[in-house]
Amino acid sequence: MFANLINESSQNQLTVKVGFSWTEMFFGFWTPVFRSDFKWAAILVLAEILFGSFTWGGGAFLVTFVFAFFYNRLYVKDMVAQGYKPADKASTDILKSYGYI
């Protein structure tokens, strides 16, 4: 499911994914990098290195799997903190039903 966000001051519009992040699960820290979310990219890299080094890489997969459940929520909350708001009533309803806003 997708929702539209708009920043009223800059008129930038984003379409964000709501729910489980399959791209996060398959691509790990590259998902936040491509979304220009460097804070979470750095956190993921550190977590993957930390847990992966003690488990011969298995911990890195575990980090990406667990993080996939809540990365989209973190991304939307960061965008709302930067001034983005739901662009329409349908997006507002979707974000409220998932507990994002």
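This is a predicted model: local features need pLDDT of at least 70, side-chain atom pairs count only at pLDDT 80 or more; totals for chains, interfaces and linings use all residues.
Now switch to cartoon and zoom out. The C-alpha atoms fill a box of roughly 45 × 25 × 15 Å along the principal axes. Of the 101 residues, 38% count as buried. Take contacts between residues at least 6 apart in sequence: 58% of them join residues at least 24 apart.

Next, colour by charge. There are 8 positive and 7 negative side chains, and the centres of the two sets lie 6 Å apart.

Time to zoom in. Select helix H1, residues 22-27, and pick out Glu24. Glu24 is buried, yet it has no salt bridge. Which side chain of opposite charge is nearest to Glu24? That's Arg35, 7.3 Å away. Show the neighbours of Glu24 too: leaving aside residues up to four places away in sequence, it touches Phe29, Thr31, Pro32, Leu44, Thr64, Phe67, Ala68 and Tyr71.

Stay in helix H1 and click on Phe27. Is Phe27 buried or exposed? Phe27 counts as exposed because its relative accessibility is 53%, and the cut-off for exposed is over 50%.

For a last stop, select Thr64 along with Phe27. These two are 37 residues apart along the chain, and their C-alpha atoms are separated by 8.2 Å. Thr64 is also one of the residues that Glu24 touches.

Methods
Residues are numbered from 1 along each chain as its sequence is written. Side-chain values use heavy atoms; hydrogens and water are left out. Helices (H or I, at least four residues) and strands (E, at least two) are DSSP runs, numbered from the N terminus. Buried means under 20% relative accessible area, exposed over 50%, partly exposed in between (1.4 Å probe, protein chains only). Lys and Arg count as positive and Asp and Glu as negative; His and the chain ends are not counted. A salt bridge is a side-chain nitrogen of Lys or Arg within 4 Å of a carboxyl oxygen of Asp or Glu. Contact means heavy atoms within 4.5 Å. The place of a charge is taken as NZ of Lys, CZ of Arg, CG of Asp or CD of Glu.
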